[in-house]
Amino acid sequence: TIAEIPEISTFIEQGQLPIYFGWNTTTVKFDTDNGEEALSVHVKRIKEGYFKFYEIEMLAGEDLLPNDTLPYRVVNESFIHKMGYDDPSEAINQTFMYGDKPNYVRGVVKDYHFQSLHHSIEPMMFNYSEAGRYISFKASKENINTIVNKLTPTWNELYPDDPLEVSFIDDMIGRFYDSERQTSKLTSIAT
């Protein structure tokens, strides 16, 4: 298992990586002084420990828990600002409608860029989910080949129809800017 690979300092299994966007968006509704407002938000499915692993600062409240009986969500600062709150602690336990059911703010995380820096930070909501399609780990770069060689047999045994794919978050972030670099090159050639 991953825990038995000494070159891996820590790991987490989760539904979505922090930098992807557009996988899932939805509309939530909440009451303001001007009446009911609708807000389009990005949604991420996560497990307990996600914010700590990715070093996403919790400004107020708590992480999501697997045994929550109420529909709690963690949201970002942009989300609560749209709800009319400046102080993250004031947004804790506030209600908003997700689907046709009331949901509650359990925690507020600091805004972070999950798209290119050329995009403004948009409202984000995090839902607890046991489903996991990514395993992220922290290790030094010089150990990557060793780790992949140790992971591959276990992966192939567990997921014989899905080959192991290894990606680096730094490379994913770089891809945010690939199209801009291509456009810049085309502009340079055309002028």
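Accessible areas here come from the Shrake-Rupley method with a 1.4 Å probe. By that method, the protein chain of this predicted model exposes about 11600 Å², and carbon and sulfur atoms supply 49% of that area.

**Whole chain.** Of its 191 residues, 35% are buried. Take the contacts between residues at least 6 apart in sequence: 70% of them join residues at least 24 apart.

**Y72 and Y104.** Next, select the aromatic side chains. The structure holds 8 aromatic pairs. For one of them, show Y72 and Y104: the ring centres are 6.0 Å apart and the planes meet at 55 degrees, so this pair is tilted. The two residues come from distant parts of the chain, with Y72 in strand 5 (residues 72-76) and Y104 in strand 7 (residues 101-109), 32 residues apart. Y104, at 23% relative accessibility, counts as partly exposed. R106 lies over the face of Y72, 4.2 Å from the ring centre.

**The aromatic cluster.** Clear the view and select Y50, F51, F53, Y54 and F126. These residues form one aromatic cluster.

**P88.** Move to helix 3 (residues 88-91), where P88 is found. P88 counts as buried, because its relative accessibility is 15%. Which residues is P88 in contact with, leaving aside its neighbours within four places in sequence? They are L59, A60, I80 and V108. Draw a distance between the C-alpha atoms of P88 and L59: the value is 6.5 Å, although the two residues are 29 apart along the chain.

**Helix 4.** The last stop is helix 4, residues 144-158. This helix has 15 residues and reaches 21 Å from its first C-alpha to its last, close to the 21 Å expected at 1.5 Å a residue. Where does helix 4 bend? Select T152: the bend there is about 35 degrees, and a proline, P153, follows within four residues. Then select I144, I147 and L151, which are buried residues of helix 4.

Conventions:
Residues numbered from 1 in each chain as written. Predicted model: local features only at pLDDT ≥ 70, side-chain atom pairs only at ≥ 80, totals over all residues. Heavy atoms only, no water. Phe/Tyr/Trp six-rings, centres within 6.5 Å; stacked < 30°, edge-to-face > 60°. Buried < 20%, exposed > 50% of the residue type's maximum accessible area, 1.4 Å probe, protein only. Lys NZ or Arg CZ within 6 Å of the ring centre and 35° of its normal. Expected span 1.5 Å × (residues − 1). Bend = angle between axes of the 7 residues up to and from the residue. Contact = heavy atoms within 4.5 Å.
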